[in-house]
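Me: I've got a new structure open and I'd like to learn how to read it. Can you walk me through it?

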Amino acid sequence: MPTSTEALAEFALQQKLETLPKSVLEKTKLLILDGVGLALAAAREDFAPKTMKALRFLGQGAEATVIGFKDKVPVASAPLLNGMLIHAFDFDDTHHPLLIHKTSVVMPA
């Protein structure tokens, strides 16, 4: 029996762009645009370069992009900083039934 992560991954792999409802695609585009905009704004705050510097020490390599920065970080560090940047001002989207900010969690992954 597959784990819940495996079942979700299999479901995601089966999806085709052309079969997704237009409303889903439009909402997704808006959420991505919102996430990038929030990250770009937060990248100018004092905490961002300091956090970027600290994350370089958490792993080897410099192959992953952080929104708003030219330098790269280890691939395991980029989602953490991108998520922090998207959520920094607490303006990112909220899924109200669960009270979660989904874009700051899903988009960086």
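Reply: Let's go from the overall layout to one helix pair and then a pocket. This is a predicted model, where local features need pLDDT of at least 70, side-chain atom pairs count only at pLDDT 80 or more, and totals for chains, interfaces and linings use all residues. Residues are numbered from 1 along each chain as its sequence is written, and side-chain values use heavy atoms, with hydrogens and water left out.

Me: How many helices and strands does the protein chain have?

Reply: Helices (H or I, at least four residues) and strands (E, at least two) are DSSP runs, numbered from the N terminus. Here you get 5 helices and 2 strands, in the order α-α-α-β-β-α-α.

Me: At what angle do the axes of helix 3 and helix 4 cross?

Reply: Axes are lines fitted to C-alpha atoms, for helices over the stretch in contact, with angles from 0 to 180 degrees between N-to-C directions. Helix 3 (residues 47-55) and helix 4 (residues 78-87) have axes that come within 10 Å and cross at roughly 165°. That makes helix 3 roughly antiparallel to helix 4 (angles over 145 degrees count as that).

Me: Which residues in helix 3 and helix 4 meet?

Reply: Contact means heavy atoms within 4.5 Å. F47, A48, T51, M52 and L55 in helix 3 meet L80, L81, M84 and L85 in helix 4.

Me: And which residues line the largest pocket?

Reply: A pocket is an open set of points on a 1 Å grid over the protein atoms alone, where a 1.4 Å probe fits, with protein on both sides within 12 Å along at least five of seven lines; lining residues have an atom within 4 Å of a point. In this model, K27, T28, L31, I32, K102, T103, V106 and M107 line the largest pocket. Helix 2 gives the largest share, 4 residues.

Notes
Parallel < 35°, antiparallel > 145°, perpendicular 65-115°, else oblique.
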